[in-house]
Amino acid sequence: MVLTEKKICTNWSGDIRFSPAKIVVPENEEQLRQVVQEAIANKLTIRTIGARHSCSPIFETDQILVSMENFKGLYEYDAEQRTAVIGAGTTVEEAGEELFRVGLALENTGHINKQALAGAISTGTHGAGKELKNLSGQVTGIRLINGSGDIKEFDEEHNGELMQALKVSLGSLGIFTRLKLRVLPRFTLHRRQYCAHTDDCLANLKQLMEENRNFCFYWYPRRDDVSIKLWNAPGEGTAELPYATLYKEYSGWSKDVLPTTQRLKFNELEYSFDHETAPHCFQEIRQRIKAKHRKHLAWRVLYRPVAADTVFLSNAYNRNIVAITIHQHASLPYEDYFNDIEKIFQSYGGRPHWGKKHSLKAPQLQQLYPEWNRFQQIRKRFDPNGIFLNDYLKNVFIG
Ligand SMILES: Cc1cc2nc3c(=O)[nH]c(=O)nc-3n(C[C@H](O)[C@H](O)[C@H](O)COP(=O)(O)OP(=O)(O)OC[C@H]3O[C@@H](n4cnc5c(N)ncnc54)[C@H](O)[C@@H]3O)c2cc1C
């Protein structure tokens, strides 16, 4: 087990900097269990990291930071049942490659594939597609070490309610060591990218959402136009977009065609809305950005549909959603811009992304999540001493 004392840690964008008293890199569950038991005995707290791609201070700590980088790999799979057991620290990219070698694939990924599976699942990370749930929708079983230092295993068949709490739990119910996923036989996708006028895209939104497996658009404030992205099985999806110009297309295995490479660093704010509300909210922020923020920013706004689920803290709990994301280059100030747009997001009843910036605390969040109290009861059972809480999570859960 590698143990480092006092070292500066940052998140991917470099915006969050902190110095944990200890960084621990356990090699196996027994070592991880010892870390948890020592924390309980010494009244210390623990945060776990995946790939540190979150830009909320969700893993910030001045106490113990656990890296799960040794918990990687495809441990078991069943091609007939379409399931796979994968180490929680495996990145989405590594999971895609390992599954591919045995003829399988993840159902979906987000915009990139650099996140650890456990990190992505814990914050409700999603891709784009009206029928596709966020990544936690692929999880059918979880093995973890809880806040009492016990190793436990849960699955959908026997622990239906707990699984709805565990999937998107912000690293507050325990440290995941293994995840059982529902997977697909490996498949190919055809990806097309169009540019269009924003109003034409909005006028055809319903069709674009209905007819394509994966669909999103990026709005570019400077030009007030959009880039429409579609991913479908070859030959499927909206055949013609007469109002748009095709500027790029390619086909390949889903693991290569779904995600993109993100080189420029940014901070981001994202809220999710039901389908009726989202276009109105988008139009209001479009107007506001053009009127007030356009000359200070150099980045896009992203609009992505995601399917409803039953996960207690998922932003798609009980409603099909559209996630609207604003970005700001990591070298530029974002506070005034994000604060202004967040007020609009909140006025439309949006739910925030747990891995991105937001200012909400427990009293407001409780109004947005119908199963909030049920989740809190389970959290107190799984972590009776609060060893997985940091200041951010205290604000989120306690207020
Ligand atoms: C370039 C970029 C692109 C992105 N694209 C998308 C996108 O398309 N869609 C989207 O929804 N989001 C997106 N995000 C947000 C990102 O997916 C989330 O912030 C995600 O949580 C990051 O995963 P991670 O492995 O880096 O987790 P981290 O940021 O390291 O951790 C996130 C949370 O997971 C917990 N955690 C990590 N490992 C474990 C474990 N083993 N057990 C229990 N808890 C654990 C941590 O404690 C923390 O609470 C993007 C972010 C970036 C920087």
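Two strands count as paired here if DSSP finds at least two bridges between them. The legends below use that sense of pairing, and the model they describe is predicted.

**Figure 1. Overview of the predicted protein chain.**
The protein chain contains 12 helices and 21 strands. Its radius of gyration is 21 Å, close to the 21 Å that the globule rule gives for 399 residues, so the chain is as compact as a globular protein of that length. The C-alpha trace spans about 65 × 50 × 35 Å along its principal axes. Of the 399 residues, 47% are buried. Among contacts with a separation of 6 or more, 73% are between residues 24 or more positions apart. The domain assignment gives domain 1 (2-67), domain 2 (74-185) and domain 3 (188-352).

Strand 5 runs parallel to strand 6 (residues 64-67), and 4 bridges join the two. Within this pair, Arg47 is opposite Leu65 of strand 6.

Is Lys43 buried or exposed? Lys43 has 10 other C-beta atoms within 10 Å, so Lys43 is exposed. Lys394 is 351 residues away from Lys43 along the chain, and the C-alpha atoms of the two are separated by 16 Å.

**Figure 2. Strand 18 and its pairing with strands 20 and 21.**
Strand 18 (residues 266-274) is mostly covered, with 8 of its 9 residues buried. Strand 18 pairs with strand 20 (residues 321-329) in the antiparallel sense, over 9 bridges. In that pairing, Phe273 has Val322 of strand 20 as its bridge partner. Strand 18 also pairs in the antiparallel sense with strand 21 (residues 351-352), here over 2 bridges. Opposite Tyr271 stands Pro352 in strand 21.

**Figure 3. Tyr303 in the largest nonpolar core.**
The largest nonpolar core holds 101 residues. Which of its residues touch the most other members? They are Leu117, Leu179, Ile228, Tyr303 and Ile324. Leaving aside residues up to four places away in sequence, Tyr303 touches Cys216, Phe217, Trp219, Phe282, Val322 and Ile324. Val322, one of these contacts of Tyr303, is also the bridge partner of Phe273. Ile324, another contact of Tyr303, is itself listed with the core residues that touch the most other members.

**Figure 4. Where domain 2 meets domain 3.**
The C-alpha centres of domain 2 and domain 3 are 24 Å apart. In domain 2, 26 residues are in contact with 27 residues of domain 3. Helix 2 (92-101) and helix 4 (160-166) each supply at least two residues of the side of domain 2 that touches domain 3. Helix 2 gives the largest share of that side, with 3 residues.

Methods:
Residues are numbered from 1 along each chain as its sequence is written. This is a predicted model: local features need pLDDT of at least 70, side-chain atom pairs count only at pLDDT 80 or more; totals for chains, interfaces and linings use all residues. A residue is buried if 20 or more other C-beta atoms lie within 10 Å of its own, exposed if 12 or fewer, and partly exposed in between; C-beta atoms are placed from the backbone. A nonpolar core is a set of buried Ala, Val, Leu, Ile, Met, Phe, Trp, Tyr and Cys residues joined through C-beta atoms within 7 Å. Two residues are in contact if their C-beta atoms, placed from the backbone, lie within 7 Å. The radius of gyration is taken over C-alpha atoms; the globule rule is 2.2 Å times the number of residues to the power 0.38. Domain bounds come from an automatic or database domain assignment.
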